Amino acid sequence: MIASPKSDIKSLQLDELRSIVQPSYRARQITDWLYKKRVNSFAEMTDLPQVLRAKLADDFSFDRTEVVRVLGSADTTRKFLFRLSDGNLIESVLIPASPALYGSPSDRRTICLSTQVGCAYGCKFCASGLDGWKRNLRPNEIVNQIIAVERESGERIDNIVFMGMGEPLANYDNVMRAIQTINAPWGIGIGARHITISTSGLVPQIRKLAEQPLQIRLAVSLHGATDDVRSGIMPINRKYNLSTLLEACRYFTSRKKQRITFEYILIAKVNDSDEQAHKLTNHAHALDAKVNLIPYNNVEGLDWARPSPDRQKRFLAVLRAGGVRATLRREKGDDIAAACGQLRLQTERTVVSA
Ligand code: SAH
Ligand code: SF4
């Protein structure tokens, strides 16, 4: 018989710990060590009895997420590459105070988190999907990205976006479990309204998300305003077409009473025409959605290009003339977040070729 792998201690919720340890106030001591004092081992939990520490170490793993590389410097967008306990690489991006990202005030420090190793959805412009999908991240591996970045950078993060590698809604249970820990007062303590999930459009999971109680924000990667354009670059559109997706978005906004954001990468000669801009205006209007335009980021090995600055501005102008609240991400750094997946790919290829 193969023993099932141990759960990681950071994948558990406070109430689950309470049902495991005696007396139950020990559970809160454990979460304080994990999320307030942020120790790296059971041995460091010095106010727990020795036998309890030994038992925890027997029953649970205590994974570390090792920082392999950091790119960028203080005051700019920084990328962190991590090695997981099984050797897989993932990355997170720390975005310093930047103007009004996803409905948050401008003074927030945002982290862009990965949710999977690789991605199965194969969008044609994205680095994360290039080598396919490897596995889902576990809840502790999602939470550890925040803890490791705060430790390494000395910054306090107060805004979370699930826009790194992977499709968060394809790893729904683990992502929701991580969000509980990120949101809880006994955990990291970040308000649900400062947590945004980005999805390429998994319709059933958008509806499921609408039903759960937390006021998490939703960003939908549209990238095309008609089915032919969207299907050309996002295979998922053949499974859930635009009208199905927009219907699910409408359901989400009606349940949540909050606006969603459409993300729209501008790719030259693919989706940047005035016609697409007008159609996008209509979709945004119908849902009272915000639009974030993101000039395409070069990915090694892919032939797409970003439109000229004039074309970008013209696209934005069409949206604004139509009364849509739209922003165009500047070169400055926050668009590096959109290129999540690239650093890992680079490193893996260097490692493989070395
Ligand atoms: N899988 C989810 C979340 C991760 S992708 C999703 O697709 O929404 C996060 C964002 O980065 C998406 O909007 C995605 O389309 C964008 N992105 C991917 N590759 C990019 C590139 N080369 N240039 C700019 N944005 C990119
Ligand atoms: Fe996956 Fe999102 Fe990249 Fe598409 S854009 S391949 S869904 S990570």
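Two residues are in contact when heavy atoms of theirs lie within 4.5 Å. Keep that in mind for the exercises below.

The structure is a predicted model, in which local features need pLDDT of at least 70 and side-chain atom pairs count only at pLDDT 80 or more, while totals for chains, interfaces and linings use all residues. Residues are numbered from 1 along each chain as its sequence is written, chains are lettered from A and ligands numbered from 1 in the order in which they are written, and side-chain values use heavy atoms, with hydrogens and water left out.

**Exercise 1. Describe where Lys 124 sits and what it touches.**

Step 1: Find the place. Lys 124 belongs to the loop between β5 (116-118) and β6 (133-136). Strands here are DSSP runs of E with at least two residues, helices are runs of H or I with at least four, and both are numbered from the N terminus.

Step 2: List the contacts. Leaving out residues up to four places away in sequence, Lys 124 touches Gly 232, Ile 233, Leu 302 and Trp 304.

Step 3: Compare sequence and space. Leu 302 is 178 residues from Lys 124 in sequence, yet their C-alpha atoms are 8.3 Å apart.

Step 4: Classify the exposure. A residue is buried under 20% relative accessible area, exposed over 50% and partly exposed in between (1.4 Å probe, protein chains only). Lys 124 has 37% relative accessibility, so it counts as partly exposed.

**Exercise 2. Work out how Glu 150 and Arg 38 are related.**

Step 1: Glu 150 is part of helix α4 (residues 139-153), and Arg 38 is in the loop between α2 and α3.

Step 2: Check burial. Glu 150 has a relative accessible area of 7%, so it is buried. Arg 38 counts as buried too, because its relative accessibility is 14%.

Step 3: Look for a polar contact (a pair of N or O atoms within 3.5 Å; within protein, one must be able to donate a hydrogen and the other to accept it, and residues adjacent in sequence count only if both atoms are side-chain atoms). The side chains of Glu 150 and Arg 38 make one, at 2.5 Å.

Step 4: Beyond neighbours within four places in sequence, Glu 150 is in contact with Arg 38, Glu 155, Arg 156 and Ile 157.

Step 5: Look at the backbone. Arg 38 has a phi near 55°, a positive value in a residue other than glycine.

**Exercise 3. Show what surrounds Thr 65.**

Step 1: Thr 65 is in the loop between α3 (50-59) and β1 (66-71). Its relative accessibility is 12%, so Thr 65 counts as buried.

Step 2: Apart from residues up to four places away in sequence, Thr 65 touches Phe 82, Arg 83, Leu 84, Asn 144 and Ala 148. With Asn 144 there is a polar contact between side chains, at 3.3 Å.

Step 3: Ser 85 is 20 residues from Thr 65 along the chain, and their C-alpha atoms are separated by 6.9 Å.

**Exercise 4. Follow helix α10 from its length to its end.**

Step 1: Helix α10 (residues 274-287) has 14 residues and reaches 20 Å from first to last C-alpha. The expected span is 1.5 Å times one less than the number of residues, and α10 is close to its expected 20 Å.

Step 2: Its buried residues are Gln 276, Ala 277, Leu 280, Thr 281, His 283, Ala 284 and Leu 287. An α-helix has 3.6 residues a turn, so residues three or four places apart point the same way.

Step 3: These buried residues pack against α7 (227-233), α9 (242-256), β10, β11 (290-295) and α11 (309-321).

Step 4: Just after α10 comes Asp 288, with a positive phi of about 55°. Asp 288 is partly exposed, because its relative accessible area is 42%.

**Exercise 5. Identify the polar neighbours of ligand 1.**

Step 1: A backbone N or O atom of Phe 125 lies 3.0 Å from a nitrogen atom of ligand 1.

Step 2: Turn to the ligand's oxygen atoms. A polar side-chain atom of Ser 198 lies 2.6 Å from an oxygen atom of ligand 1, and a side-chain N or O atom of His 223 is 2.6 Å from an oxygen atom of ligand 1.
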